[in-house]
Amino acid sequence: MAHDGVDLIVEQWRRERPDLDTTAMAVFGRIYRLAKLAGDVVERAYAEFGIGRPEFDVLATLRRSGAPFQLSPGALAASMMLSSGGTTARLDRLEKAGLVRRSPDPQDRRGVLVSLTDAGRQLIDQAVGAGLGRQQELLAHLPKDRQRQLGDLLREVLTQLEG
């Protein structure tokens, strides 16, 4: 089995502190490194469409909400775990680029709805495909059943932590 940078770190701790169980360090060290490496690869894919991860998150949240592809700023912020100020800054940039539009909420005179424009929907459909393609390339060396197994194990940990 090949060794990675996490193996070196764990081995150093094992040598210096043999009393420590470094199993969790090995798992989370790899998760962190994978997230960083994969995030960088996907970020480059989004850059080809003139957007970064923050803009992608807004457009993707609207797109996967289903027709009519609109949400309140509050619902967007909650979905992305962002403050309202952070959401407003993203929406300002996307509206200026013609990818989203804000309009009055017909159900709430004080409310606003954020909608994907046709250009925004076209862009996010292309960007999500490109990003997913890069992610699939990163896992291509693993057979599909191992990819599913890895996803299942990570889900098990994540649901416990989020619960």
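**Reading the helices and the buried residues**

Reader: Why does phenylalanine 69 count as buried?

Author: Phenylalanine 69 has 10% relative accessibility. Buried means under 20% relative accessible area, exposed over 50%, and partly exposed in between (1.4 Å probe, protein chains only). Since 10% falls under that cut-off, phenylalanine 69 counts as buried. A word on the numbers: this is a predicted model, in which local features need pLDDT of at least 70 and side-chain atom pairs count only at pLDDT 80 or more, while totals for chains, interfaces and linings use all residues. Residues are numbered from 1 along each chain as its sequence is written, and side-chain values use heavy atoms, with hydrogens and water left out.

Reader: Where is phenylalanine 69 found, and what is its phi?

Author: Phenylalanine 69 is in the loop between α3 and β1, and its phi is positive, near 60 degrees. Most residues other than glycine have a negative phi, and most peptide bonds are trans. Proline 68 lies in that loop between α3 and β1 too, and a cis peptide bond, with omega about 10 degrees, joins alanine 67 to proline 68. As for the labels, helices (H or I, at least four residues) and strands (E, at least two) are DSSP runs, numbered from the N terminus.

Reader: How do α3 and α4 pack, and at what angle?

Author: Helix α3 (residues 53-64) meets helix α4 (residues 73-80) at about 110 degrees, and their axes are 10 Å apart. That makes α3 roughly perpendicular to α4, a label for angles of 65 to 115 degrees; under 35 is roughly parallel, over 145 roughly antiparallel, and the rest oblique. The axes are lines fitted to C-alpha atoms, for helices over the stretch in contact, and the angles run from 0 to 180 degrees between N-to-C directions.

Reader: Which residues make that contact?

Author: From α3 come Asp57, Val58, Thr61, Leu62 and Arg64, and from α4 come Leu76, Ser79 and Met80. Contact means heavy atoms within 4.5 Å.

Reader: How do you know that the length of α6 agrees with its number of residues?

Author: The expected span is 1.5 Å times one less than the number of residues. For the 22 residues of α6 (residues 118-139) that should be 32 Å, and the end C-alpha atoms are 32 Å apart, so the two agree.

Reader: What makes one face of α6 the buried one?

Author: Gly120, Leu123, Ile124, Ala127, Ala130 and Gly131 are buried in α6. Seen down the helix axis, these buried residues fall within an arc of 135 degrees, so they line one face; the arc is that of the directions from the helix axis to the C-beta atoms. They pack against α2 (23-47), α3 and β3 (108-116). The face turned away from this buried side carries the exposed residues Asp118, Gln122 and Glu137.

Reader: Which residues of α5 are buried, and what covers them?

Author: In α5 (residues 84-96), the buried residues are Thr87, Arg90, Leu91 and Leu94. Their arc is 100 degrees, so they line one face of α5. Their cover includes α3, α4, β2 (100-105) and β3.

Reader: Why is threonine 87 called buried?

Author: Threonine 87 is at 1% relative accessibility, so it counts as buried. Leaving out residues up to four places away in sequence, threonine 87 touches Pro73, Leu76, Ala77, Met80 and Leu82.
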